[in-house]
Amino acid sequence: MYYVIKITIHGEDKYVFNDKLFVANMGFARKFYSLAYARRYIKTHPVCTDYGCEIVEGIPA
């Protein structure tokens, strides 16, 4: 199981790929295999603090 970070920007759901790039397709998003690391990523990256972020479970393969 993995987690991805979803951000809502101007009413559209996007997923975090890296610090400056967001993707619309969940399959291309950065995968976090640890929930603690995903939470730490949200706290340390300013883009996540500017917009509302949410951690969602990825779809298992």
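Visitor: Where is the place of lysine 6?
Guide: Happy to show you, with one note first: this is a predicted model, in which local features need pLDDT of at least 70 and side-chain atom pairs count only at pLDDT 80 or more, while totals for chains, interfaces and linings use all residues. Residues are numbered from 1 along each chain as its sequence is written, and side-chain values use heavy atoms, with hydrogens and water left out. Helices (H or I, at least four residues) and strands (E, at least two) are DSSP runs numbered from the N terminus. On that scheme, lysine 6 belongs to strand S1.

Visitor: Is lysine 6 buried or exposed?
Guide: Buried means under 20% relative accessible area, exposed means over 50%, and partly exposed lies in between (1.4 Å probe, protein chains only). Lysine 6 has a relative accessible area of 17%, so this residue counts as buried.

Visitor: Which residues is lysine 6 in contact with, leaving aside neighbours within four places in sequence?
Guide: A contact here means heavy atoms within 4.5 Å. With those sequence neighbours set aside, lysine 6 is in contact with Asp13, Lys14, Tyr15, Gly52, Cys53, Glu54 and Val56.

Visitor: How many salt bridges does the structure hold?
Guide: Side chains of opposite charge can pair when their charged atoms come close. The cut-off used for a salt bridge is a side-chain nitrogen of Lys or Arg within 4 Å of a carboxyl oxygen of Asp or Glu. By that rule, the salt bridges in the structure number three.

Visitor: How many Å apart are the closest N and O atoms of lysine 6 and aspartate 13?
Guide: Aspartate 13 is partly exposed, at 39% relative accessible area, whereas lysine 6 is buried at 17%. The two form a salt bridge, and the distance between their closest N and O atoms is 4.0 Å.

Visitor: Which strand holds glutamate 54, and how many residues apart are glutamate 54 and lysine 6?
Guide: The side chains of lysine 6 and glutamate 54 meet in a salt bridge, at 3.7 Å from N to O. The pair links distant parts of the chain, with lysine 6 in strand S1 (residues 3–9). Its partner, glutamate 54, is in strand S4 (residues 53–57), and the separation is 48 residues.

Visitor: Which residues are linked in a network of salt bridges?
Guide: Lysine 6 pairs with aspartate 13, and lysine 6 also pairs with glutamate 54. The linked residues are Lys6, Asp13 and Glu54.

Visitor: What is the phi of histidine 10 near?
Guide: Most residues other than glycine have a negative phi. Histidine 10 lies in the loop between S1 and strand S2 (12–16), and is exposed, with a relative accessible area of 75%. Its phi is positive, near 55°.

Visitor: Which residues does alanine 29 touch, not counting those up to four places away in sequence?
Guide: Alanine 29 is found in the loop between strand S3 (22–23) and helix H1 (35–44). At 5% relative accessibility, alanine 29 counts as buried. Beyond its sequence neighbours, alanine 29 touches Val4, Tyr15, Val16 and Val23.

Visitor: From the N terminus on, how do the elements of the protein run?
Guide: The protein has two helices and four strands. Taken from the N terminus on, their order is β-β-β-α-α-β.

Visitor: What radius of gyration does the protein have?
Guide: The radius of gyration is taken over C-alpha atoms, and the globule rule is 2.2 Å times the number of residues to the power 0.38. For 61 residues, a compact globule would come near 10 Å; the protein agrees with that, at 11 Å.
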